[in-house]
Amino acid sequence: MILVTGAEGFIGKYLIKELKEKRFSFFSPGYIDLRVARSMDKLPSGIETVIHLAGLIPKKGKITPFSDYMDVNALGSKRLLDAVERRGCKRFIYASTQMAIDPCSDYGFSKAAGERYCMSCGAKMRVISLRFSRIYGAGQNPGFMLTDFIERAQKGLPLIVDCDPRIKRDMLYVKDAVGAILCALKAGSRGIFNIGGGRGVSIGNIAQTISGVFGKGSPVVVYRKPKVPRERYFYFDIDRARAELGFKPRYTLKQGLTDYKEEL
């Protein structure tokens, strides 16, 4: 039996669909509150695997106290780990963050702390932490660069790039993220794995591709002088995930965006 937390979230909805299609036996109890250890007392025995997607995520324009992030993402993960370990769980898959190595936000710090709790588990449970790069797809939170680009392209407006267009980002389509989770379900490995698109894509290329897929005519991208100093490139080495989990991204950026459009 597989326990899935965060089944109603962005990744969770895609995962549940795949688990149903592949006829996995799973459940997602609505009574779990990661902030309250007692809410997990109702969990049944016989949980063999946990896929832990639930968490408190940032929302643009809203300030969330650091204590809230820690209570849900770090301590909440520890409460869940303790509860399922007592029930004989054998595998725990944790949805981590690209910021786990060098957290630069309260959210990133809390997810990194949750990962540390996971990795501190004893030998009784096989723990896999999947460090996802930037995930995109239909249903993602609005208000960020990619969703802003898509919204403008759909309205026939030019896409505004006000940073260095050469900066590269690792873009991971949500269905590839789900594919990595399914790989982790079947693998005998444990530890931390980078999960990304396998290549860096420049912000200029991202804007041009979005304009071509979602736009209403010839791609129109306007480049402005960057308002902030040049950022660093960021993309993952996924060789270990390829070798030990059998993970291989299926979607290029254009393929992912085209599927995104169809999902909408």
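Analyst: The second largest pocket holds about 300 Å³ of space, where a pocket is an open set of points on a 1 Å grid over the protein atoms alone at which a 1.4 Å probe fits, with protein on both sides within 12 Å along at least five of seven lines, and the volume is the space filled by probe spheres set on the points, joined across faces, edges and corners. Of the 17 residues lining this pocket, Tyr14, Glu18, Lys175, Val178 and Arg250 are the closest to its centre, lining residues being those with an atom within 4 Å of a point. The model is predicted, with local features needing pLDDT of at least 70 and side-chain atom pairs counting only at pLDDT 80 or more, while totals for chains, interfaces and linings use all residues. Residues are numbered from 1 along each chain as its sequence is written, and side-chain values use heavy atoms, without hydrogens or water.

Helix H1 (10-21) and helix H5 (174-186) each supply at least two lining residues, and H5 gives the most, with eight; helices (H or I, at least four residues) and strands (E, at least two) are DSSP runs, numbered from the N terminus. By class, the lining has ten charged, six nonpolar and one polar residue, with Asp, Glu, Lys and Arg as charged, Ala, Val, Leu, Ile, Met, Phe, Trp, Tyr, Cys and Pro as nonpolar, and the others, Gly among them, as polar.

H5 also lies across E1, E3, E4, strand E5 (126-132) and E10, at about 165° to E5.

How values were computed
Contact means heavy atoms within 4.5 Å. Axes are lines fitted to C-alpha atoms, for helices over the stretch in contact, and angles run from 0 to 180 degrees between N-to-C directions.
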